[in-house]
Amino acid sequence: MVNISSTKMSLPLLSPDLLNERSELLPNHQELLALPEKIIQFGTGVLLRGLPDYFVNKANQQGVFNGKIVVVKSTSTGGTDAFADQQNIFSHSIRGIENGNQVDDFVINSSISRTLSAAGNWADILQCAHNPELKIVISNTTEVGIQLTDDDIFASPPASFPGKLTAYLYERYTAFNGSEASGMIIVPTELIVGNGPKLKAIVIEQARRHNLAENFIQWLEEANHFCSSLVDRIVPGKPDAETIQVLCEKQGFRDDLLIVSEVYRLWAIEGDAYVRSVLSFADTDKGVVIEPNIDLFRELKLRLLNGTHTLASGLCFLYGLDTVSESMENQETASFITNIMLNELAPAIPYDVDPQQAQEFGNQVLDRFRNPFIRHQLIDITVQYTAKMKMRNIPTLLNHYEKTDEVPALFAKGFAAFLTFMKPVVHKDGAFYGERNGQPYSIRCDSAAYFDEKWKNAASPIDLASQVLSDAELWGVDLTLLPGFADAVKENMVTLVTTGTSTL
């Protein structure tokens, strides 16, 4: 067994000096490192580095965008700073399945010019607002970050991200005398529907609370573009020590900023032709989509990826499997997942979707599910199982019946597995547990107590299904009114209870 710490010490650190010595790692690296700053990014997290920064880096290497990113850290860090040590260069391992083929790529990312601490370098951050070439703001401060707070935008720095952004935009407005050309393109990536307009409303409210000039508010409204966006790429947190060791030894250098991700990438941005012209990095990767409306992409992800996860997770878990990739390796469960997604959910998405586009997206999702490098636990997908079923799948089920009275057989089977999974057998310290092959599993759902009561009082699994399906308060509709659906669920319930889940 190789000692990780000794191996770490023996490898040279990824840095510009190393790139000078090993030019094959990043051809033309000196030209890339000298590019001008065009983006200010609030956040240093792995999602930003694995998605927006990935696209910018790719475009720079193709000579398209030709711009660097100034990164703002919300807090200062004590001790050694990996960004400073490596002069903001990091590596990115990309592994997974694309178009049915296994991918294993390794990228050196030089898109970040410098990393500034909001606490220690606020004056330098505001000075960036004076750069006429720096026209783009990107953020990922978590969903909690986009909140209206009682903030002081004249503090150094303001406490909240919207407060910091308001101060930054006011600095830019002042620096350029409110010219229309000085307006910014602001693209939040926080996982909030309508994140662009929500952030804009908070910034304007902060401006009003601080009694800033109406001309500034008008400039915010008319010269700036607050673009909603949707991000989708699995970029886990810091890799484990063994993964870091294997990847770094393979490349011959140490990287304390190393990130890993799946192959799939999507950054859907709501914008017009002007937005597209400024975000020119979109031209080099099909994963960046700029459209006037991105609701379609949200619906595809919600109904096909998330919806399939919800309908399949309980069934595959009770079948004896533990991860999504294992479920795709098993012939029976893989067939269930593929057919329910492409043949039942895709045609019934409650949105105007081109059938071919839905199929193409579905096939991409299946590739993601097959990724052997991502261990997505089925039990984790069942967290808040009932709420997910209602939000992700009931609208699709209702739309299915708008089109036909034919029973969606696989949907009924997945729903029956959900009801079976939600049968508690142990109640301890306020928590509920089901049982699989004699072993307990946690039911982490706000409706666990509801199902505990229903299962205790039901005369049979068929009775349980009738009671739950007819609960319009739970689902927003009486599901027993859908022709044949309740009977199909009950039939599957009987099979699951009497024969178990050893076969599908």
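Three strands form an open antiparallel sheet in the order E13-E14-E15. (Strands are DSSP E runs of at least two residues, helices H or I runs of at least four, numbered from the N terminus; strands pair if DSSP finds at least two bridges between them.) This is a predicted model: local features need pLDDT of at least 70, side-chain atom pairs count only at pLDDT 80 or more, and totals for chains, interfaces and linings use all residues. Residues are numbered from 1 along each chain as its sequence is written, and side-chain values use heavy atoms, without hydrogens or water.

- E14 (residues 431–436) pairs with E15 over 4 bridges, antiparallel.
- Glutamate 435 sits opposite proline 440 of E15.

**Cores**
- The largest nonpolar core has 75 residues, and Phe415, Leu419, Phe485 and Val489 have the most contacts inside it. (A core joins buried Ala, Val, Leu, Ile, Met, Phe, Trp, Tyr and Cys residues through side-chain atoms within 4.5 Å; buried means under 20% relative accessible area, with a 1.4 Å probe and protein chains only.)
- Helix H13 (residues 295–318) supplies the largest share of this core, 11 residues.
- A second, separate core of 36 residues includes Leu126, Cys128, Leu212 and Ile217.

**Helix H8**
- H8 (residues 161–175) is mostly covered, with 11 of its 15 residues buried.
- Among the buried residues are Lys164 and Arg172.
- At its start, a side-chain oxygen of serine 160 comes within 3.0 Å of the backbone nitrogen of glycine 163.
- Just after H8, asparagine 177 has a positive phi of about 55°.

Key:
Buried < 20%, exposed > 50% of the residue type's maximum accessible area, 1.4 Å probe, protein only. Polar contact = N/O pair within 3.5 Å; in protein donor to acceptor, adjacent residues only side chain to side chain.
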